[in-house]
Amino acid sequence: MKDNHTNQILSEMRKLISSSLNMPLKEKETLQAVHISVLKMYFNAKEVIYNPETSEIQLQINDPGANDIFVKLSCENLEELLYSCLLDDAKSIYFYRNMISYCNMKYSA
């Protein structure tokens with residue numbers, strides 16, 4: 001069962017994801033890094049490339065003991081995909097908390 005702190009962090013991440021998809025172009029670069037970080041963490045990917053024009057995501061996934069795996073995903077709804085990638089383990093919550101703090105500092109200044 002998730003505690004209140006975990007629920008609050010996940011709620012803030014959902015808000016960050018939602019608002020970042022509607023940001024002005026000059027601010028999107030930093031917030032797209034948030035999206036890429038969420039995808040990297042969830043898929044344990046070395047590299048993530050998102051093409052908004054084609055709604056395609058390319059992942060380079062580290063496969064220990066083998067060559068890297070390259071995967072292409074077609075993404076009709078980036079927001080829902082990012083929501084589904086949010087994890088509630090301690091490592092992820094710590095990472096999200098730091099990401100939220102960074103974005104709050106960057107955009108409140």
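The legends below describe close-up views of a predicted model.

Residues are numbered from 1 along each chain as its sequence is written, and side-chain values use heavy atoms, with hydrogens and water left out. Because the model is predicted, local features need pLDDT of at least 70 and side-chain atom pairs count only at pLDDT 80 or more, whereas totals for chains, interfaces and linings use all residues.

**Overview. The order of elements in the protein.** The secondary structure comes to four helices and three strands, these being DSSP runs numbered from the N terminus (helices, H or I, at least four residues; strands, E, at least two). From the N terminus on, the elements follow the order α-α-β-β-β-α-α. Of the 109 residues in the protein, 27% are buried, a term that stands for under 20% relative accessible area, with exposed meaning over 50% and partly exposed in between (1.4 Å probe, protein chains only). The accessible surface amounts to about 7,200 Å², with 50% of it belonging to carbon and sulfur atoms, as computed by the Shrake-Rupley method with a 1.4 Å probe. Among contacts (heavy atoms within 4.5 Å) between residues at least 6 apart in sequence, 48% join residues at least 24 apart.

**View 1. Helix 1 and its buried face.** Helix 1, residues 4–20, has 17 residues and reaches 24 Å from its first C-alpha to its last, close to the 24 Å expected at 1.5 Å a residue, where the expected span is 1.5 Å times one less than the number of residues. Its buried residues are Thr6, Ile9, Leu10, Met13, Leu16, Ile17 and Ser20. Seen down the axis of helix 1, these buried residues fall within an arc of 115 degrees, so they line one face of the helix; the arc is that of the directions from the helix axis to the C-beta atoms. Asn4 and Gln8, on the other side of helix 1, are exposed. At the start of the helix, a side-chain oxygen of Asp3 comes to within 3.3 Å of the backbone nitrogen of His5.

**View 2. The polar surroundings of Ser20.** Ser20, a residue of helix 1, is buried, with a relative accessible area of 2%. A polar atom of its side chain lies 2.7 Å from the backbone oxygen of Ile17, and the side chain of Ser20 also makes a polar contact with the side chain of His35, at 2.6 Å. A polar contact is a pair of N or O atoms within 3.5 Å; within protein, one must be able to donate a hydrogen and the other to accept it, and residues adjacent in sequence count only if both atoms are side-chain atoms.

**View 3. Lys40 in helix 2.** Lys40 lies in helix 2, residues 25–43, and counts as partly exposed at 30% relative accessibility. Leaving aside neighbours within four places in sequence, Lys40 is in contact with Ala45, Lys46, Glu47 and Val48. The C-alpha atoms of Lys40 and Ile61, which are 21 residues apart along the chain, are separated by 8.7 Å. In the loop between helix 2 and strand 1 stands Asn44, a residue other than glycine with a positive phi near 50 degrees.

View 4. Strand 1 (residues 45–51) and strand 2 (residues 56–61) run antiparallel and are joined by six bridges, two strands being paired if DSSP finds at least two bridges between them. Asn51 has Glu56 of strand 2 as its bridge partner. Four residues stand between the strands of this hairpin, where Ser55 takes a positive phi near 55 degrees. Ser55 is partly exposed, with a relative accessible area of 23%.
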